[in-house]
Amino acid sequence: MSDFTATDHLMMARALRLAERGAFTARPNPMVGCVIAHGDEVVGEGFHRRAGEAHAEVVALEAAGERAKGATVYVTLEPCAHTGRTGPCADALAAAGVVRVVAAMRDPFPEVDGAGFDRLSAAGIEVAHGLMEAQARHLNRGYLSRIVRGRPWVRVKLATSIDGRSALASGESKWISCEASRQDVQQWRARAGAIVTGAGTVLADDPSLTVRLGDDTPFEPPLRVVLDPGLATIHRGRVREGDAPTLYVHAPQTKLTRGISAQLAVVEVDHGRFDLNAVLKLLAGRGINEVHVEAGATLAAAFMDAGLVDELLLYVAPVLLGSKARPLFDGLNIEHMADRMQMEIVDSRVIGGDIRVLLQPRG
C-alpha cells in the first residue's frame with residue numbers, strides 16, 4: 001500500500017472506466033485498463049479488447065510513444081510477467097522507461113501473482129498497488145472467481161410479479177417484465193461467458209438465449225448451456241439456432257442417437273438433479289468467468305439450495321398473478337425462520353415500468 005494522491009485516484013478511476021469497455025469481449029481474460037500520465041497530463045491510454053490482442057499496457061504504451069519515458073502508469077490489474085499469446089507487459093513497461101506503476105490489485109493467476117511487481121521492482125521502477133482495489137475486484141469478479149475458487153461467478157436472473165410469482169399455473173410467463181427490462185437483460189447476457197438453462201425451459205418457452213443489443217456494440221456470443229439429463233431437447237428449439245454455440249449437458253447413462261452434431265458434456269445426476277458444482281467446474285475448464293442462469297423455478301432453486309448463487313438479478317413487475325401461479329423458487333423447503341436465506345440489496349433502479357433489484361447472499 002502507499003499514500004495515493006488525488007491525481008492517482010482520478011487516473012485510476014479513468015483506467016477502470018477504460019477496462020469496463022472490454023466487458024463484452026475480453027473474456028476469458030480479465031478486463032484491464034491502463035493510463036500513462038505525467039502528473040495530471042494523460043499521454044497514453046488503452047484497454048484490453050480481446051483475448052490474443054494487445055494487453056492494455058501495450059496499447060497505452062503505443063499511444064504514448066516516447067512520452068512514456070519518466071511517466072507514471074496506472075493499471076487496473078498487475079502487469080503480466082509471462083509469455084502467453086503476447087509478451088510480458090512488465091518487460092514492455094520497463095523497456096519504455098516508466099518510473100512508477102500504480103496497480104489496483106494483484107493478479108492471482110498463478111503465472112503472474114506478484115511476479116509482475118517483482119520484475120518491475122527489479123528494473124528500478126517504483127511499484128504501488130491497492131488503489132481502488134474494491135472497484136477493480138468487482139469489475140473482474142468473474143475472472144477472480146474462476147481463478148481463485150475454480151468456478152465461474154453465478155448470476156441468476158428472474159422476472160417476478162409483486163406477489164412473488166414467476167409464471168401462471170399453466171407455465172405461461174410471457175411477458176411478466178416490460179420491454180425495457182427485457183432489453184436491459186441483454187447487457188447482462190453479453191457480459192456472461194455462458195447462459196445456462198434447463199430442459200424444462202427449452203420445452204416450455206423455446207428461448208433463443210442469444211444477445212440482442214440493438215446497436216453496433218461488439219460482443220463475443222456467450223455459450224448457451226442446456227442442462228438436459230436425457231437429451232429430450234437435443235433435436236428441437238431455437239437454442240440450437242444462430243451463431244452462438246450450444247452445449248448440452250446430459251447424464252452418463254443417456255443413450256446417444258445418431259445424427260447429433262451439437263456439443264455434448266457428461267455430468268453426474270443424483271435423484272434426477274445434476275451435480276451443479278460439477279457443471280460449474282466443467283464451465284470453468286472452458287474458460288467461463290461468468291454464468292448467467294435463465295431458467296425456471298426448480299433449477300433456480302437448485303442453484304440457491306446448493307449455495308452457488310453469487311448474484312440474484314430480479315426484475316419486479318407491478319402486476320399480480322395470484323396464488324395459483326408458480327413461485328419464484330420451487331424446492332427450497334425452508335421450514336424455520338432461522339434457516340431463511342438472507343440477501344443483501346446491492347443495487348436497485350427503475351427500468352421502464354419495472355424495478356430491477358440486484359442482490360447478493362449475505363456472508
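User: What makes domain 1 and domain 2 neighbours that are in contact?

Analyst: In this predicted model, nine residues of domain 1 are in contact with 14 residues of domain 2. Contact here asks for heavy atoms within 4.5 Å. The domains themselves cover 6-140 for domain 1, and 150-224 + 275-361 for domain 2.

User: How much area is buried between domain 1 and domain 2?

Analyst: About 940 Å², with carbon and sulfur atoms giving 50% of that. On the domain 1 side, F24, R27 and P28 lose the most area to domain 2, together 64% of what that side buries.

User: Why is the pair R50 and E220 called a salt bridge?

Analyst: Good one! The closest N and O atoms of R50 and E220 are 2.8 Å apart. The rule asks for a side-chain nitrogen of Lys or Arg within 4 Å of a carboxyl oxygen of Asp or Glu, so this pair qualifies. Across the interface of the two domains, the rule finds one salt bridge.

User: Which kinds of residues make up the side of domain 1 that touches domain 2?

Analyst: That side divides into five nonpolar, two polar and two charged residues.

Key
Residues numbered from 1 in each chain as written. Predicted model: local features only at pLDDT ≥ 70, side-chain atom pairs only at ≥ 80, totals over all residues. Heavy atoms only, no water. Domains from an automatic or database assignment. Buried area = accessible area lost by both parts, 1.4 Å probe. Nonpolar A, V, L, I, M, F, W, Y, C, P; charged D, E, K, R; others polar.
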